[in-house]
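Here is a short report on packing and sheet layout. Keep the structure in view while reading.

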Amino acid sequence: MLQIRCKNTGVTKSVQEGTSLLDVYQEFADEIKLPYPVVSAKVNNVSQGLKFRLYQNRDVEFLDAREGSGHRVYVRSLCFVLYKATQDVFPGSKLFIEHSLCRGYYCNFKKRTPEPLTDEDVRRISQRMQEIIALDMPFRRTEATNEETVRVFTERGFADKVKLLETSGQIYSHYYTLGDTVDYYYGPLVPSAGYLTVWALERYEQGLLLRIPDWNNPSRLAEKVDQPKTFGMFAEKTRWDIIMRLSNAGDVNKAIQRGYASELIQVSEALQEKKIVQIAEDIFARCEKSNGRNPIVLITGPSSSGKTTFCKRLSIQLLACGLRPLSFSTDDYFVNRVDTPKLPNGDYDFDNIETVEYSLLEDHLLRLIKGERVEIPEYNFVTGQREWNGKRLKLASDTVLIIEGIHALNPLLTQKIDDAMKYKIYISALTSISLDDHNWIPVSDNRLLRRIIRDYNKGAFTARQTIAQWKNVCEAEDRWIFPFQETADAMFNSALNIEFAVLRTHAEIILTSVPKNCPEYAEAHRLLKFIRFFLPVSDKEIPPTSIMREFVGGSSFKY
C-alpha cells in the first residue's frame, strides 16, 4: 500500500500501488473544498494529468482551472478537441494555434482548397467540437521511443513535430490520441473531452478565435477584449518568421545545426533596429508639424519587456534625427513609502497607480510644456522618501520629453494634456515562435525567463523568489498596463527568434537551483521542460546594445 498525502486537506490515506490520480481524488473528494471541477494535479510539485498512476508515496495537490497549471491543462485539451474537429470537418486542413489574443487564442486555419474561412465553416467546426465533448471521448497517452514517435508523425505528415522531436535529444517521447486523431502536447491533458464544458469558437480576422474560461471563474467565458493593434503586431512578426522560415522550435534548431545562429541573431537585431528607426522618424515628423510643441513620448510595457534598453536605443535614433531626448521618470513621483497602497495581505502594492502622485507629475509636465523651468523630485529608494535636490529642467525647442513607466499610458497621468501632443509606445516580448503548430509558447513565459535571469545575475532575487512574485506581477499588469496597450501609436516587439536558445544557456542552471520541496518547483520544472526543446546558443554574438543584454548582462548602456 502507498501513503498519499493530499495537500488540499493535509490528510494522508493508503491506496493500492498503481492507483490513478482520478481514483485517488475519489478517495478525498468529500473533503476537498474546491469550488470548480478538478482538472489536474501536482504530484510532488510536478503537474500531472488525472490518469497518472502512482507507484510510490507522494504528496498530491488537486487543481481546478483557476490555478496556472490546471488552466493550461484545460486549454491544451480544448486545443486538441479543436484540432480533431477541424480534421473531421475538413480533412487535410491545417490548424496553427499561434498566440494568445483577446483573452483567448488566435488560430490560423487553412483548408486544403483556397476558399476563405466562413461563418458557416466555424459553425460546423463548433458543432463537431460539441459532439466530441458530448461523447466524452477519452484522451489517450502513448509513451514510445523517440524514433517510434517520430515515425508516427512522419507517416501523418507532421513536419513541425518531426523537426521538434528529432532535435530534442530525447530517448523516449509520447503522443496523444483522441478517437482516430493523433497529436503531440508537451504537457498533460484532462482525462476526457467531457471535462471541457466552457468554451466558444468564432471567426476573427482571417482565422479562428478560441475562447476559454475566465481565470478567476472557470464556470464562465473570459470576457473578450478586442485587440486589433496587438493582432497587427503579431501578424507582422509572423510574416517575418515565414520569410526567414522560422515558425517553430524545430525550425530554429535545424538552423542552429546548420550553423546559422549568428545570422539569425544579426537579422533579428536588424529588424528591431529598423523598427526603432521608423518610430524615431515618426516622432520627428510629428515634431516637424508641431509648431514648436513637440510631442511627449510615453513608453510602457509589462515587466521584462526591455523598456529601459528600448528607451536608450530610441534616444540614439532621435539624436540622429536632430532631436534632443530628455528622459523623465515616473518613479521620482512615487509617494513616500508609508503612503503606498497595500494589498489585501498587507504587503505594499507598488504597481498601483496611487503609488504615483500623478497630479504633481502632470502639473510639472504642463509647466514644462509652457516653457517654464521646473524643479523635479528624486526618489530615494533606500529611505523610501521623495527628495528635492535642486534638479531643474527646462525644455528647448529641439527637446523631446520621454516618459517611461508602467503607468505611462494611463490617462490619469496626462489627462489635462492634449492627446495630439502625446506619442504613445507599447513594448512587449510577443513570442511568435511556437514549439510546433499546436503548442504555442505563452508570451509571459518569455518575460518570466528574462526576469529570472536578470534578478539572479543582479543578486536581487533567487529563481524561487522571482517565480513566487510572478503571479502578483501578472495580476498588476492585467489591471494597470494591458487595458491601455491598444491606445498606443506604435507597438514594438522586443522578442528575438533565437531568444530561447540563448536564454537556455543562462536559465537552465538557475532553474535547477529551485528546491523540489517548494511550490515554485512546479513552475521551474515546466520552464525547464519547454526551454530544453531549444538547442543552446552562446550569447557571445548578441551585440552589446541588444535588448537581450538588459537581461543576460554585457550591455554597453549604463542603467
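## Isoleucine 498 and the cores

The model is predicted. Ile498 and Met129 have the most contacts inside the largest nonpolar core, which has 97 residues. Helix α2 (residues 68–89) supplies the largest share of this core, eleven residues.

A second core is separate and has 35 residues. Tyr333, Leu368, Ile403 and Met421 are among them. In soluble globular proteins, nonpolar side chains tend to be buried together.

## Glutamine 317

Glutamine 317 sits in helix α9 (residues 307–320). Is glutamine 317 buried or exposed? Its relative accessibility is 15%, so glutamine 317 counts as buried; the cut-off for buried is under 20%. Leaving out residues up to four places away in sequence, glutamine 317 touches Glu273, Ile276, Val277 and Ala280.

## One side of helix α1

Helix α1 covers residues 21–28, and its buried residues are Leu21, Val24, Tyr25 and Phe28. These residues cover an arc of only 105° around the axis, which puts them on the same side of α1. An α-helix has 3.6 residues a turn, so residues three or four places apart point the same way.

What do the buried residues of α1 pack against? Their partners are the strands β1 (2–6), β2 (11–15), β3 (40–43), β4 (46–48) and β5 (58–63).

## A four-stranded open sheet

Four strands form an open sheet in the order β6-β7-β12-β11. The pairing is antiparallel. β6 (94–101) and β11 (200–204) stand at the edges. Each has a single partner strand, so one side of each is left without a neighbour in the sheet. On average, neighbouring strands of this sheet are turned by 30° against each other, direction ignored.

β11 pairs with β12 (residues 207–211) in the antiparallel sense, over five bridges. Arginine 203 has leucine 208, in β12, as its bridge partner.

## Helices on the sheet

Helix α2 packs on this sheet and touches β6, β7 (104–110), β11 and β12. The direction of α2 makes about 140° with that of β12.

Helix α6 (residues 228–243) lies across β6, β7 and β11. α6 runs at about 130° to β6.

Note on methods:
Residues are numbered from 1 along each chain as its sequence is written. This is a predicted model: local features need pLDDT of at least 70, side-chain atom pairs count only at pLDDT 80 or more; totals for chains, interfaces and linings use all residues. Side-chain values use heavy atoms; hydrogens and water are left out. A nonpolar core is a set of buried Ala, Val, Leu, Ile, Met, Phe, Trp, Tyr and Cys residues joined through side-chain atoms within 4.5 Å. Buried means under 20% relative accessible area, exposed over 50%, partly exposed in between (1.4 Å probe, protein chains only). Helices (H or I, at least four residues) and strands (E, at least two) are DSSP runs, numbered from the N terminus. Contact means heavy atoms within 4.5 Å. The arc is that of the directions from the helix axis to the C-beta atoms. Two strands pair if DSSP finds at least two bridges between them. Axes are lines fitted to C-alpha atoms, for helices over the stretch in contact, and angles run from 0 to 180 degrees between N-to-C directions.
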